[in-house]
Amino acid sequence: MTKAANLFRSIFGAEADGVWAAPGRVNLIGEHTDYNDGLVLPFALAQRTEVAIRLRTDGVIRMSSALAPNNVVGIPVKELAPGWPAGWGAYVAGVPWALEGDVGFDAAIDSSVPVGAGLSSSAALICAVGLGINDLLSLGYSRRELARRTRRTENEYVGAPTGGMDQIAALLCIEGHALLYDVREDTTEQVPFDPSDAGLKVLVVDTQVRHGHVDGEYAKRRADCEQAAEQLGVPTLRDVAYSDLDAALNHLDNERLVKRVRHVVTENQRVRDTAAALASDDWVGVGELLTAAHASIRDDFEASCTELDVAVAMLMESGALGARMTGGGFGGAAIALVPHAEADEAAHTVRAVFADNGFVPPTIFSVVPSAGATRIK
Ligand code: GLA
């Protein structure tokens, strides 16, 4: 019996029709490229969000989360409107809205994906609910179509201007692989990714610094990219080839845009290079690309923060092959490729240096490339 199913029974006093789970993700590389029609390389985590659902016949949506089980939110489907209810409830209510499946249901949610850590807890929730509604109403959407629609939940219903990576990762990733997703071409390729085979671990350092994507810096970076594309006369920054980068930079009228474009164009190239390095088991090469990606997002895209930079520096000093922030940035988590034998010591060093700096204690754990969303009951 899953925790979500138990919670469902205790809150709603009945058995759920089914339970669905969708994972959080780590983006190995390819940051702030998805909304520029570029390339990303995420993998799914074993940490996931489970949702137990039972359809209702009276057109009301009720939901409860293990984080606050007694706070049951109830909304008539007829009243669904973008932005309502405020808070996490919109990530659930916005799913039937985007799936055009006007139905009432009860939902109980339990999650092991850290919230706000850059590990895509929001997409995990949206995609678990989406898969459940798709099954229960026999809507017949493919996983790709579900990814498109659940992205609309986040962009249009919740109002977070995110790209498409997180939903694609939650729905299409498979165990032991990273997913090379080309947003412009809308193609995916499963890239074998098994660090443990090479005696390595992927360590995640959740700095506990929290970001928000609904407004603020993330939206500003998107606007910078759009402005730069306009100055360059191209639909998106994906249209700037790596070989044309210098010429493109000369066309821009300010240093901020130069930096944003340099990040996006070099990052797309690093994604390609990382996929190639993985194909030839060149783990040292992968590590160098991760570290180069961090320097780029820190210095050119300016989406890092002090805690992330300290975590990356300490991980590198502790023997990591490479380290970088992952996800939207401005807080959240850093990842590192660390030899098994060094992992405990590396975690210890990061904790000690965080304490010396007076930072909030980080949460540190290792992750393995795991399966995408699925029905579990
Ligand atoms: C967030 C968004 C993604 C992506 C990343 C940055 O996680 O949800 O779509 O833009 O930031 O790469």
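Guide: Let us begin with Asp106, which is buried, with a relative accessible area of 5%; buried means under 20% relative accessible area, exposed over 50%, and partly exposed in between (1.4 Å probe, protein chains only). The model is predicted, so local features need pLDDT of at least 70 and side-chain atom pairs count only at pLDDT 80 or more, whereas totals for chains, interfaces and linings use all residues. Residues are numbered from 1 along each chain as its sequence is written, and side-chain values use heavy atoms, with hydrogens and water left out.

Asp106 forms a salt bridge with Arg56, the closest N and O atoms being 3.2 Å apart; a salt bridge is a side-chain nitrogen of Lys or Arg within 4 Å of a carboxyl oxygen of Asp or Glu. Because Asp106 lies in strand E6 and Arg56 in strand E3 (residues 42-56), the pair ties together parts that are 50 residues apart in sequence. Helices (H or I, at least four residues) and strands (E, at least two) are DSSP runs, numbered from the N terminus. Arg56 counts as partly exposed, at 23% relative accessibility.

Strand E6 (residues 104-111) also pairs with E4, in the parallel sense and over five bridges; two strands pair if DSSP finds at least two bridges between them. Within this pairing, Ala107 in E6 is the bridge partner of Met63. Strand E4 (residues 60-65) is in turn joined by five bridges to strand E5 (residues 68-76), and these two run antiparallel. A hairpin of two residues connects E4 to E5, and Val60 stands opposite Pro76 in E5.

The structure holds 28 salt bridges. One of them joins Asp182 to Arg238, with the closest N and O atoms 2.8 Å apart. This pair links distant parts of the chain, 56 residues apart: Asp182 is in strand E7 (residues 177-182), and Arg238 is in the loop between helix H6 (217-232) and helix H7 (245-250). Both Asp182 and Arg238 are buried.

Glu145 forms a salt bridge with Arg149, again with closest N and O atoms 2.8 Å apart. Both residues lie in helix H4 (residues 143-158), four residues apart, about one turn of the helix. Glu145 is partly exposed, with a relative accessible area of 22%, whereas Arg149 counts as buried at 14%. Glu145 and Arg149 belong to a network of salt bridges that also links Glu100, Arg144, Arg148 and Asp186.
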